[in-house]
Amino acid sequence: MSALQQSSKARLEPFEESAVVEKPKSTWGSWFAVRKELPPHGKWTLTIGSFLLPLLLWCALSYVPFIWHPMMRITAPGSVDYFAQNMLVEKSVFNDETANARAQGKALPQGIPANPIYLPAPHQVAKAFYTAFTTAPERRDGQWLHQSLWHSIQIIFWGFVISSLVGVPLGILCGTYTVISRLQEPFIEFFRYLPAPAFGALAVAILGIYDGPKIAIIVIGTFFQQVLVIANTTRKLDIALLEAALTLGAKKLQLLFRVVVPGILPDLYRDQRILLGWAWTYLIVAELIGTSSGITWFITQQARYKNFENVYAAIMIIGIIGLVTDLVLAGVGKWLFRWERSPNKA
Amino acid sequence: MAILPTLPSYLQQSLAVRARFERLKRREVILEVKNLGKQFPSPRGAVTALHDINFKTHRREFVCVIGPSGCGKSTLIRILAGLESYTSGQVLLDGKPVVGPGPDRGMVFQGYTLFPWLTVKKNVMFGPQMNNRGTASEALQWLDLVGLSKFADAYPHQLSGGMKQRVAIARALANQPRILLMDEPFGALDAQTRCKMQAHLLEIWKNIDITILFITHDLEEAIFLADRILVLKAHPGEVQELIEVPVPRPRNFNEQYLSAEFLATKARLEQLIHPPQTDDEEVMVRPQMIRMARVGDDVENIE
């Protein structure tokens, strides 16, 4: 440190430039400022509102009879012989039969307006939510909802892990070295247009009828996008950081592992979160291949018995799992990448 | 700028300044650039970015490179750093030709290039670690030199622009390079911060054994900092003049910026970089532009 020996004189006090932070005002005008942060309470109000709006619409359709309700639920069949208690008939049919009965002076059928069977009311779905986890499956070999779900989550997990094990390193290499990019990306670009479900029959022939082909579909659906997305993310790393590292004496592998990888990590993490969502979208198709299984088996089974409230409950559970996973991952990411500049990159 | 009639020539040096330059030139040569040229292909044929550049920097010398935009100052410093190739000539560091980037030439960039995922201290340790040396305590000493040891555990996004550049200087110096290359390092800073940074840089330079090559487009910055100023001209980038700055050291901007030596040097630089226009093309005004600028005019003349 010979150069430092005379340095004591050069010690200077740091000069800080303080930034004045403007406090956001919560007037209505500020809510519609272009691309500005919202006041915190507004943020939460709107988040809750985004869920409340569709729920309110659903409630209105379900509970307010004059909005839609195209069917009649029979409360008393009267003289119509093919009507039965709790039967759903179209309003026009019901009106015809009522007119008929009135003309013949027979007992009138009674009914209340109702929605078609495929639109259960919110409270029915809520109840199905509860009963799905508390009542044993009707068939002895049937699966509980949570068992089906767990099976699906495992399929997603393995599909995503296998895809990432190859896709992430390959994507980083493609984004770093032009040679690898030119060798890989044109083919991947072609392959990603092939719809993953198209490989279903092939996957079954190769991997059997159980979990193998399902995982394979998820891998095929995720992998090719993953390589391209991550290669792009890698290429977006500021070249000046690489140049700075070069002038500091970094060699090839150091450049890759000490600059490229840590530099892209937050963006890579965000990409992985989006890709995980992608993997979920392939789940239903994947589970239909070979022997139907997991949440898809549950949904198709329930739909067959017209337990649509269970179908809705299952679909919503997928959404909830996805949302919760993403929120957890976002929180973990925020904690992992504290060094990141922008606070509004979730 | 009004040039005072009594201004001496910028070539006039006081005895102390002359003696200093003589001592300086007796020191060993750190960086030597010989007949350096760079051409790059373009759709309209080869373009010469740099042509026949020659200069030497001596140990502990402060050289500024100045020139109009497009004169290739950045290209020159990037070639010296090893980040760009050249097509002719030689770049010698301690007499050995330069091949690619290396830790013997530190570089401070105009943009902020601190690694955002590393703390300030680890940023400073980065260079030594790449070469399997360096300890945390050494890094702290370098941070102390730039007055930022209090911020050792902060992340770059928590620092102001000036502080970031000071860390960048510490990071470059931590490798103990033979020469520090600075590419308009204060260009993105506000005027006040820039002024402080210049004084601060001189203070650092005075206290350690380092040779500095500094690129700028700010004439006063160049005069304030440099022993010698390499003036480039554009199309192609060539050395116009190598000026020995007659302003004595230690430098103090507020006391010296109106001194005769300072003003004479500045006048010369202005003459070199913004020569009085003799070309007609600059005064040529397109008549239709004037018509377009008139408000409330009839538009009958539209073709």
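The legends below describe close-up views of a predicted model.

Residues are numbered from 1 along each chain as its sequence is written, while chains are lettered from A and ligands numbered from 1 in the order in which they are written. Because the model is predicted, local features need pLDDT of at least 70 and side-chain atom pairs count only at pLDDT 80 or more, whereas totals for chains, interfaces and linings use all residues.

**View 1. Chain A and its confidence.** The mean pLDDT (the predictor's confidence in each residue, from 0 to 100) of chain A is 86, with 89% of the residues at 70 or more. Over residues 1-19 of chain A the pLDDT falls below 50, although this stretch has 34 contacts in the model beyond near neighbours in sequence; two residues are in contact if their C-beta atoms, placed from the backbone, lie within 7 Å. Where pLDDT is low, the predicted coordinates should not be read in detail. Chain A has 13 helices and 3 strands, where helices (H or I, at least four residues) and strands (E, at least two) are DSSP runs numbered from the N terminus.

View 2. Leaving aside neighbours within four places in sequence, the contacts of A101(A) include G78(A), S79(A), V80(A) and K106(A).

**View 3. The largest nonpolar core, with members in chains A and B.** A nonpolar core is a set of buried Ala, Val, Leu, Ile, Met, Phe, Trp, Tyr and Cys residues joined through C-beta atoms within 7 Å. The largest has 120 residues, and those touching the most other members are I218(A), V167(B), A170(B), L213(B), F214(B) and A226(B). Helix α8 (residues 211-235) of chain A gives the most to this core, with 12 residues. Apart from it lies another core, of 13 residues, among them V125(A), A128(A), L145(A) and F298(A).

**View 4. An open sheet of 6 strands in chain B.** The strand order is β6-β7-β8-β3-β9-β10, and the pairing is mixed; two strands pair if DSSP finds at least two bridges between them. At the edges stand β6 (105-108) and β10 (238-244) of chain B, each with a single partner strand, so one side of each is left without a neighbour in the sheet. The twist averages 20 degrees from one strand to the next, with axes fitted as lines to C-alpha atoms, for helices over the stretch in contact, and angles running from 0 to 180 degrees between N-to-C directions. Strand β9 (residues 228-233) of chain B runs antiparallel to β10(B) and is joined to it by 6 bridges, and V231(B) has E241(B) as its bridge partner in β10(B). Helix α5 (residues 161-174) of chain B packs on the sheet, touching β6 and β7 (179-183) of chain B, and its direction makes about 170 degrees with that of β6(B).

How values were computed
A residue is buried if 20 or more other C-beta atoms lie within 10 Å of its own, exposed if 12 or fewer, and partly exposed in between; C-beta atoms are placed from the backbone.
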